[in-house]
Amino acid sequence: MTATILDRFDYAMAPKEVVSGCPLCGIRQASHPATDRFGWTIGVSTCRHCAITYLNPRLTAEGYAAFYQDGYRQAIRAHRPEYTPELMRRGQHRMGVTYGRMSRQAGVSFDGRILDVGGSTGEFALGLGCTPARTTILDVSIEELAHAAGVGFTTICGRAEDLDPAARYDGVLCVQTIDHLTDPLTMLRRVQQALTPGGWFYVDMVDHLCWCSA
């Protein structure tokens with residue numbers, strides 16, 4: 001991590017709040033220190049009931065806003081200097097191809113109306129085989145959504161809670177995103193409302209093995 005990154009965003013000094021219980025089931029869990037992939041020491045809890053791992057304490061809303069404005073992309077580039085936006089998009093596409101191959105083996109189709117929560121540039125969805133004209137990319141990054149729109153995706157700048165209540169999708173993706181959310185339960189409920197009968201939802205978590213090993 002470079003001094004410039006630490007000057008722009010100091011995780012240790014950023015405002016935080018203690019999470020009183022698991023954000024999914026509410027059960028209280030102990031918090032343990034761990035080192036994340038950016039080199040910051042953070043507190044994490046792993047729920048013994050529903051298995052979700054979450055930051056505890058976590059940044060406040062103001063802290064997250066400062067992080068995404070001043071720290072996130074810079075931290076990634078400091079962690080992996082070679083990780084240019086172009087390489088990021090290529091990596092997202094390759095990951096989508098891999099996930100798509102496994103998903104099709106399981107009988108999952110990407111032909112319907114798809115919503116990608118935290119979908120970034122849309123390259124992951126492209127790798128999966130989603131049709132841009134039938135796929136919506138939801139993200140908070142205007143820069144990355146601009147790339148997705150250029151590819152032909154419908155884009156929404158915001159959060160899952162901001163979705164049109166009348167919107168319906170045959171499939172929803174939430175890949176390496178849920179661990180960025182302060183209220184995953186509200187997001188999951190909103191996704192449930194947005195799914196058509198028989199629709200599918202895919203979610204995974206980045207760094208889960210890192211937290212468990214710690």
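**Group meeting: a sheet, a helix and some cysteines**

Let's start with an open sheet of 3 strands, in the order β2-β3-β4, with antiparallel pairing. Its edge strands are β2 (32-35) and β4 (53-55), and each of them pairs on one side only. On average, neighbouring strands here are turned by 45° against each other, direction ignored. Those angles run from 0 to 180 degrees between N-to-C directions, with axes as lines fitted to C-alpha atoms, for helices over the stretch in contact.

A word on where this comes from. This is a predicted model, where local features need pLDDT of at least 70, side-chain atom pairs count only at pLDDT 80 or more, and totals for chains, interfaces and linings use all residues. Residues are numbered from 1 along each chain as its sequence is written, and side-chain values use heavy atoms, with hydrogens and water left out.

Back to the strands. Strands of a sheet pair through backbone hydrogen bonds, either parallel or antiparallel. Two strands pair if DSSP finds at least two bridges between them. How many bridges join β2 to β3? There are 4, and β3 covers residues 41-46. Take Pro-33: its bridge partner in β3 is Gly-43.

Now the whole chain. It has 8 helices and 10 strands. Both are DSSP runs, numbered from the N terminus: helices are H or I with at least four residues, strands are E with at least two. The chain has 214 residues, and 44% count as buried. Buried means under 20% relative accessible area, exposed means over 50%, and partly exposed lies in between, using a 1.4 Å probe and protein chains only.

Next, helix α4, residues 85-105. It has 21 residues and reaches 31 Å from its first C-alpha to its last. That is close to the 30 Å expected at 1.5 Å a residue. The expected span is 1.5 Å times one less than the number of residues. Which residues of α4 are buried? Among them are Met-88, Gln-92, Tyr-99 and Ser-103. Gly-91, Gly-96 and Gly-100 are buried too. Just after α4, Gly-107 takes a positive phi of about 85°.

Last, the cysteines. The structure holds 0 disulfides. A disulfide is a pair of cysteine sulfur atoms within 2.5 Å. For Cys-47, the nearest cysteine sulfur is that of Cys-25, 3.5 Å away. For Cys-50, it is that of Cys-22, 3.4 Å away. Is Cys-47 buried or exposed? Cys-47 is buried, with a relative accessible area of 3%. Cys-50 counts as partly exposed, at 30% relative accessibility.
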